Amino acid sequence: MTARLRRRARLLPVVPAVLLLLVFLAGPVLWAFQASFTNAALTGRTARSPGWVGLENYQRLFTDPLLPLSLGLTVLFVGGSAILGQNLLGLTIALLMRQARRPVAAVVGTAVVAAWVLPEIVAAFAAYAYFSRDGTLNQLLGGMGLGQPDWLYSFPMVAIMLANVWRGTAFSMLVYRAALNDVPSDVTEAALMDGASGWRRLAFITLPMIRGSIATNLMLITLQTLAVFTLVWVMTAGGPSNASTTLPVLAYVEAFKFGDIGYGTAVASVLILIGAVFGAAYIRLLREGKP
Amino acid sequence: MRRRALSITALIAAAALALCACSPAAPADQAKTLKVVYQKTDSFVALDDLFKSAKAEFEAAHDGVTVELQPIQANDDDYGTKLALALRSPSTAPDVFYEDTFKVRSDVDAGFLLKLDGHLAEWKDWDKFDDAAKAAGLGDDGGTYAVPLGTDTRAIWYNKKVLAAAGVSLPWEPRTWQDILDTARKIKASDPNVVPFNMYAGKGTGEGTVMQSFYELLYGTGDELYDADTKKWVVGSDGFTDSLAFLKTLYDEQLAVSPAEALDANVWKKVFGEWLPQGKMGATVEGSYAPSFWQKGGSYEWPDYGTDMGVAAFPTKDGQEPGGVSMSGGWTLAVGAGTKDPDLAFEFLGTALNQKNSLAFNIASSQIAVREDVASDAGYQAANPFVKDVSELVSVTHYRPATADYPRISAAVQEATEAVITGAKSAEQAAADYDTAVAGIVGGDKTVRK
C-alpha cells in the first residue's frame, strides 16, 4: 500500500507539465485534425456553423497539383538546408574549432550563434535584405565584377536554403561540440600512433563514436526545419508562382489568405504526419544503434 | 513516508483552492468601453486621424465611456485576415470596425455584422448618402449592415512631361487598346530608359493586380467575371483571353516594368515615389486615391503633381460604349453583431461618419465622397485638381462580385496574369488553366461558358 502510494506520489510533480503539454500541444493538434474534416472557414456561412465534410478536404488535397510540388520543395528544403547544409557545416565548424586558436574559435562561435538567437522575423528580414535585387550579396558580386541575378525571383529555393543554413547551423555546431568533447582522447591517440591519417581517424574512430549524437541532431533539425515558416514567408512569400511554397507556407496561404480553414488544417495534418513518421524512424534508428 | 505524501498532496490541493479564489474583478462597475479596430500603415494614416478626432468628440459628449482604438498595422490582405480572426470570438470581436465593401456579404453570412436598418432609420445623416453608395453595405437579405466611408475609381495617370517629350499630343485621351499600345511604343522609341505604360500583374501586388489592371481590360471587352443574374462564374470568354494577351504584349515588348519588378509586392511604392515624380515612367493605371500620396502630408510629397500629371479614362477595347472602364472598391464602417451596447456603438459610428469627419477623411485620403454634403463642399472640390475627373468615372464603374468565393477566384486571375507576363504560358493556356481552377473552386455547376 505504502509502496504503491509512493510510486504514484512520485508522478505528481510531472502532472502540471503533462497537463500543459496536453492543453497547449496535443489540444491544438487534435483541434486541427478535427477541423480538417469540416468546412470551417474564416468568413461566410461556414464560419458560423462549420459542417462535417468527411474526407472531402483530403480528396481535394491529394488531387491538387500543388501538393506534389509543395512536398517536393519541402523535401528539397529539409534535405538540402538541414540534413546536408546545417548538419555538415555544423560538424565541420565543430571539428575545426577543436584545433583552432581560442580567439578565432570564440569569434566564429559567437558569429554562428548570433544568427541563431536572432528573433525569426529579424533574421528573415536580414536575409531578405541580403538576397534582394539591390541587396548586400549583389553589391558584393557587383564589386567583384560578377553577374547579379535577382535571387529571390530567379533562384528562390537557393536563397531560402542558404538563409536557413545560416540561421540554424549553430544548433548542430553546439550539439557536435558537446559530442566531440565526449570522445575519449586515448582512442584517437592510439589510432594516431598506429599511423591513421586525419581522414581515417575521423571516418573510422570519431564519427562512429558520436553516432548517437548524429542521429539525435538529424532528428531535431529535420523536425525544426519542417516547421520553418517565417523565413520563407518574409523572403519570398512562397513565390514566384509557388516556386518556393513549402508545406507550412501552403497551409498558411490556404487557411489565412483564402480563409479555408478546413483545407489549411488538412495540409497541416499531412505535415504533422510527415513529422511523426520522421520522428518515429529516427527513434528506431537510435534504439537500434544503442549497444 | 505516507504522512509526507499526504501532506504534499494536501499542500497542492490547498494551493489549487487558493488560486481558484483569484478571479477577475466583477465587471458591474466598469466604465463602458467601445473597441474600434481599423487599418493603419506608414502611408495610410487618414483613418487613424479620423478615429482620434471622433474619439475626442465622442468621449467629450458621453461621460463614462471610453473609446479604445486598436489600429492594425498591416496591408489590406493581412488586415482582413486579422479582423476575421478577431471576429470569431466574442471576447476579441470589436464593436466598430473598418470593413472592405466586398467582404460585407460573406461576413453577414458568417453572422459577424449587426443589422443597422433600425438605427439608420433614426439617423438624420443617412439621407445625405448617395443611393449607389448605400448599396455597398447591403447583405443578401436586403438589410444594410455597413456604412460607406468613401469610394474610389481607377484611371490612367500619365506624366505630361514624359508624354510631351515623346511627341504625344496632350491631353492624352486613348480611345482603344491599340491607342495605348501605339503611344507606349512611341514613348519607348523616343526614350528607351523610360517605362512607357505600367499595368500591375502577378500575385505580388495581390488585389491591386486585378482592380487596377486586369479588370480595366476585362470589363472593357463586354465580358465579365461573374454573371450576377444566374449567379455563375464566367469561363472560356474571349474577353478574358484578349485581356491576358494585351498584358502579354505589353510585357513582352518591354512597354511595362520587368516581370521581376512586377512581382515585387512593393512595386507601387516605386511607381508613386520614384518613377512618376522623376519622369521615369510615362503612365500607370491606378486608383483615384493617388493624390493622397503626392499632396502635402502624403508619403511621397510631390508639389508639382497637379501640373505634371494628367488623368485619362481607361478605354474600352475597341472604343465601344460606354467608352471608358473603371472599377470601384471602397471601405465601410460596420458594427459587430456581438457588441454589448449596439446603440452606443452605432452612435460612435455616426460620429465618425458625420459631415465634418467624412470631409476631412475624404480630403486626406483622396477618396470620392459618398455624402452629398461632402461632395458639394468647396474644400473637397478644391482638394486636388483631379477630383472632378475621377468622380465622373463613377458613371462607368464596375464592382467586384462580393461573394465568399471571390478571394480564391481573384487569386486564380492573378496567377493567370503572372503566368503570361513571365512567359510561362500563352494567353490561351493561362485562360484555360483559369477555367479549370474556377471549376475546382466553385464546382462545375456554378460556372457558365460564354
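Q: Two residues are in contact if their C-beta atoms, placed from the backbone, lie within 7 Å. Which residues are in contact with Gly44(A), leaving aside its neighbours within four places in sequence?
A: The partners of Gly44(A) are Ser106(B), Asp109(B), Ala110(B) and Ala404(B). The model is predicted: local features need pLDDT of at least 70, side-chain atom pairs count only at pLDDT 80 or more, and totals for chains, interfaces and linings use all residues. Residues are numbered from 1 along each chain as its sequence is written, and chains are lettered from A and ligands numbered from 1 in the order in which they are written.

Q: Why is Gly44(A) called buried?
A: A residue is buried if 20 or more other C-beta atoms (placed from the backbone) lie within 10 Å of its own, exposed if 12 or fewer, and partly exposed in between. Gly44(A) has 20 C-beta neighbours inside 10 Å, so Gly44(A) counts as buried.

Q: Where is Gly44(A) found?
A: Gly44(A) sits in the loop between α2 (14-35) and α3 of chain A. Helices (H or I, at least four residues) and strands (E, at least two) are DSSP runs, numbered from the N terminus. Gly44(A) and Gly259(A) are 215 residues apart in sequence, while their C-alpha atoms are 9.3 Å apart in space.

Q: How many residues of each chain are in contact with the other chain?
A: The contacts involve 19 residues of chain A and 26 residues of chain B. On the chain A side, α1 (2-11), α3 (45-48) and α15 (247-257) each supply at least two residues. The largest share of that side, four residues, comes from α1(A).

Q: What makes up the side of chain A that touches chain B, by class?
A: It has eight nonpolar, six polar and five charged residues. Here Ala, Val, Leu, Ile, Met, Phe, Trp, Tyr, Cys and Pro count as nonpolar, Asp, Glu, Lys and Arg as charged, and the others, Gly among them, as polar.

Q: How many residues has the largest nonpolar core, and which have the most contacts inside it?
A: A nonpolar core is a set of buried Ala, Val, Leu, Ile, Met, Phe, Trp, Tyr and Cys residues joined through C-beta atoms within 7 Å. The largest one has 181 residues, and those with the most contacts inside it are Met235(A), Leu333(B), Phe348(B) and Leu349(B). Helix α10 (residues 156-181) of chain A gives the largest share of this core, twelve residues.

Q: Why is this core said to lie between domain 1 and domain 2 of chain B?
A: Domain 1 (31-152 + 329-398) and domain 2 (154-328 + 405-449) of chain B both give residues to the core, so it lies between them. The domain bounds come from an automatic or database domain assignment. Not counting residues up to four places away in sequence, Leu349(B) touches Val96(B), Val147(B), Leu333(B) and Val335(B).

Q: What separates the two domain centres of chain B, and how many residues are in contact?
A: Taken over C-alpha atoms, the centres of domain 1 and domain 2 of chain B are 28 Å apart. In contact are 23 residues of domain 1 of chain B and 25 residues of domain 2 of chain B. On the domain 1 side, α3 (76-87), α19 (387-392) and β14 (397-399) of chain B each supply at least two residues. By class, that side has eight nonpolar, ten polar and five charged residues.

Q: How is the span of helix α7 (residues 120-131) of chain A set against the expected one?
A: The expected span of a helix is 1.5 Å times one less than its number of residues. Helix α7(A) has twelve residues and reaches 16 Å from its first C-alpha to its last, close to the 16 Å expected. For α6(A), with 16 residues, the reach is 22 Å, close to the 22 Å expected.

Q: Which residues of α7(A) are buried, and why are they put on the same side?
A: Ala123(A), Ala124(A), Ala127(A) and Phe131(A) are buried. They cover an arc of only 100° around the axis, which puts them on the same side of α7(A). The arc is that of the directions from the helix axis to the C-beta atoms. Ile121(A) and Val122(A), on the other side of α7(A), are exposed.

Q: What covers the buried residues of α7(A)?
A: The cover includes α6 (102-117), α8 (136-143), α9 (151-154), α10 and α14 (230-236) of chain A.

Q: What makes α6(A) hardly covered?
A: Among its 16 residues, the count of buried residues is one.
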